[in-house]
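Here is a short briefing to read alongside your protein. Have a look at the sequence and the model first, then follow the notes below.

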Amino acid sequence: MGKKVAVPQSLSQAGKDYLVNHGMNVVELPDTKAETITSKAADVDGIVLMTEPFPNETINRLPNLKIIARHGVGFDNIDTDYMAQNNIWVTITPNANAATVAETTLAEILDISKNVTAISDHMRKGDFNYKSSHMGFDLAGKTLGIMGYGRIGKMVAKKVSSLDLNILIYDPFVNSAEYGKVVDKETLLTNSDVITLHMAVTPENKQGFAKREFELMKKSAVLINLGRGSLVKQDDLIDALKTREIRAAALDVFDEEPLPLTSDFYKLDNVLLTPHIASNTTECMARMAVDSASEVVRVLSAESPKWPVNSINRK
């Protein structure tokens with residue numbers, strides 16, 4: 001076939017092997033920034049894209065491009081409608097990471113409820129008394145609010161159902177749930193002890209978790225965000241943490257990644273920070289790599305993709 005596909009060097013070998021075994025010429029790049037792709041692989045037919053922004057004008061320098069296969073489920077870094085207008089498929093890997101992200105969500109909930117990382121860090125510095133002034137809290141009997149009840153939200157609810165937590169769910173497109181009770185947004189905000197975000201970013205909810213939402217939360221409540229940084233208005237969250245409007249937060253995603261070392265988040269002792277690791281397991285990375293690679297192969301073989309997020313009018 002001989003089609004050319006740009007992938008990041010960090011892509012799991014399983015994905016690279018899949019492409020090669022299906023006759024693709026793989027171009028490995030240090031990253032998938034738009035300028036890197038256009039300068040080093042302008043003649044590519046397909047791209048396996050990570051989380052870097054992909055500006056619309058990028059395609060003017062990629063005349064052969066037919067598919068952008070997102071390595072993951074979020075696609076807010078791509079204008080899918082614009083790509084469709086230019087006959088470029090955009091796909092995701094919806095089945096590859098839900099269980100892993102749910103596990104990481106649970107890990108961060110457990111960590112922040114017991115201050116595990118913070119206490120460990122202080123122990124390494126010789127501060128053995130830090131634990132006495134920074135006690136954790138029990139989860140049993142508390143209420144977990146899950147905002148967004150898609151694949152990941154459902155998996156989180158299932159996994160935490162054995163922890164004796166009450167589960168509230170807010171999702172404007174959901175009326176019932178196997179685990180937990182579906183409620184309105186305000187009910188969830190005012191009654192939850194831990195709130196975890198798993199919504200897709202839309203124009204309606206972009207930076208929609210802001211000052212009002214923090215004011216509605218309990219002062220003892222915790223926010224967990226492994227979804228997208230743009231779901232939360234970061235300045236308002238920083239203020240809420242500084243003033244103890246809420247107890248704490250655990251954040252895996254940010255407006256700018258990597259999170260700049262100048263960020264005020266680093267100055268706070270009530271926030272757990274991780275560098276976008278929600279799906280960072282060997283198995284999950286291999287699944288996402290193969291699934292995104294398989295979408296590239298389908299499209300470049302003149303087939304329709306399995307997991308598109310836009311629609312192409314074939315001529």
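This is a predicted model: local features need pLDDT of at least 70, side-chain atom pairs count only at pLDDT 80 or more; totals for chains, interfaces and linings use all residues.

Domain 1 covers 4-95 + 282-301 and domain 2 covers 97-273, with bounds from an automatic or database domain assignment. Their C-alpha centres lie 31 Å apart.

**The interface**
- Domain 1 and domain 2 bury about 750 Å² between them, with 46% of it on carbon and sulfur atoms; buried area is the accessible area (1.4 Å probe) that two parts lose on being put together, summed over both.
- The count of salt bridges between the domains is 1 (a side-chain nitrogen of Lys or Arg within 4 Å of a carboxyl oxygen of Asp or Glu).
- A salt bridge joins the side chains of R228 and D76, at 3.0 Å from N to O.

- An open, parallel sheet holds 7 strands in the order β8-β7-β6-β9-β10-β11-β12; strands pair if DSSP finds at least two bridges between them.
- Its edge strands, β8 (181-182) and β12 (271-273), each pair on one side only.
- Strands β9 (residues 194-197) and β10 (residues 222-225) pair in the parallel sense over 4 bridges, and V194 stands opposite V222 in β10.

**Reading the numbers**
- Residues are numbered from 1 along each chain as its sequence is written, and side-chain values use heavy atoms, leaving out hydrogens and water.
- Local features need pLDDT of at least 70 and side-chain atom pairs count only at pLDDT 80 or more, while totals for chains, interfaces and linings use all residues.

Note on methods. Helices (H or I, at least four residues) and strands (E, at least two) are DSSP runs, numbered from the N terminus.
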